[in-house]
Amino acid sequence: MTIDQLNARYGAPGRIVFRPGHCGYPNVVLANKYGTAEVALMGANVLSYRPTGHSEVLFRPSKRDYNRGESFHGGVPVCFPQFGNRFSKDLPQHGFARVMPFEVKATEYSDEMTEATLVLRSDAATRSLWPHDFELAIKVTVSMKLNIALTVTNADEKPFDFSCGLHPYLLLRERDEAVVRGLDGAAFHDAEADSDGVQVGDIAMTCPKDHIFSLPPSPRHEFAVVDSGLRRAIAIASAGNDRAVVWNPGTNYTLPDFDEDSWRRFVCVEPVSDWPGGRTLEPGGKYTLLAAIQSTMEGCDEEA
C-alpha cells in the first residue's frame, strides 16, 4: 500500500500518521498526550520514543539510508526466529525479522493510548531461511509508557523451535556514568569471555558488556538504567522472558551504521526468551513477549 492509502485506511489526523521511512518503506508515527513513537514497517523497529516533556529515550545511529536486508543498530530491533546466533548457525544473527517488511494489521486509539499492530507472515523468502509457517505480530502502544507486545503464532502443521527477543538501545549522555539495576544476584554468561558468573550489586557500565542473565520464574521482571549524566532513570518491565541481556560493545568492534563514539551513547537491556536452546511451539500455539519502557527525570541519583 502507498503512504496515502495507509493514511486513508489506518491513519488518524494528529494521532496516527504514515510517512516515508528507510529502505523505501513507510514509518508510522503514533502520538497522544503522553508522547510520540515512530515505528518502521521495515523490520517493525521502534525507531524513537519521546514521552511528553522528556528528551528522546532511544538511541538511533547517524546513518539514515538503508537497503533491504541491512540491520539497523538502534531503536528496538526485533529478534526472531533466534536471538544471537547460538540457537541455529543456519540463521542470520538475531534472525531475519528485523530486515524484512511488515504489513499493517490494525491501528487503534483512545483518550489514553495510540497503537499500531504490524505483522510478518511466512512466505517463500522466509521459508528459504527457515522452513516453517508462522505469524509474527508486534503491537506498539504509546500510553503512559511505551508498550511492545511480540506474539509468535505457529501456523504450521508441525511443532517448531525458536528463540526471540527485543533489543532496546537506551539513549545515554555518557555510558561510563550509567548503571543498570535489577539484576543483583542473577547468574550470567559472559558471551565475550565465554565464562559464567553471578552479579553482585548494580552493573556499572564502565566497560564493554555482553552478559546474558538467567532470570527466576516470575510473571514480571523489572530493571532500570540510571543515567546520572542526564539525571534520568529508564525503567524496563518485561514478561514472557527467562533471560535478560545487558550489552554495550565499547571499542571492541564498530558497527557499520555507528559513528566512532556511538558506543558511548547507549546501553541495551534486552528481554530474551529461551536462549540458547529454543522454545517449542505446537501447531496453532501462541507465545507473547512483553516489554514496557518508561522514563523518569526525578530522583534518579538515589532511587529508580
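Predicted model: local features only at pLDDT ≥ 70, side-chain atom pairs only at ≥ 80, totals over all residues.
**Exercise 1. Find where A44 sits, and say whether A44 is buried or exposed.**

A44 lies in the loop between β3 (35-40) and β4 (46-51); strands here are DSSP runs of E, at least two residues long, and helices are runs of H or I, at least four, numbered from the N terminus. Next, the backbone: phi of A44 is near 55°, a positive value in a residue other than glycine. Last, the cover: A44 has 0% relative accessibility and counts as buried (under 20% relative accessible area; exposed is over 50%, partly exposed in between; 1.4 Å probe, protein chains only).

Residues are numbered from 1 along each chain as its sequence is written, and side-chain values use heavy atoms, with hydrogens and water left out.

**Exercise 2. Locate the cis peptide bond at P81.**

The bond joins F80 and P81, and omega is about 5°. As for its setting, P81 belongs to the loop between β5 (78-79) and β6 (103-109).

**Exercise 3. Describe the surroundings of N248.**

Then check the cover: N248 is buried, with a relative accessible area of 1%. Now look for a side-chain partner: a 3.0 Å polar contact links N248 and R175 (N or O atoms within 3.5 Å; within protein, one must be able to donate a hydrogen and the other to accept it, and residues adjacent in sequence count only if both atoms are side-chain atoms). Setting aside neighbours within four places in sequence, the contacts of N248 (heavy atoms within 4.5 Å) include R175, M205, W263 and F266.

**Exercise 4. Sum up the fold of the protein chain.**

Count elements: two helices and 23 strands. Then burial: 55% of the 304 residues count as buried. Finish with contacts: of those with a separation of 6 or more, 63% come from residues 24 or more positions apart.
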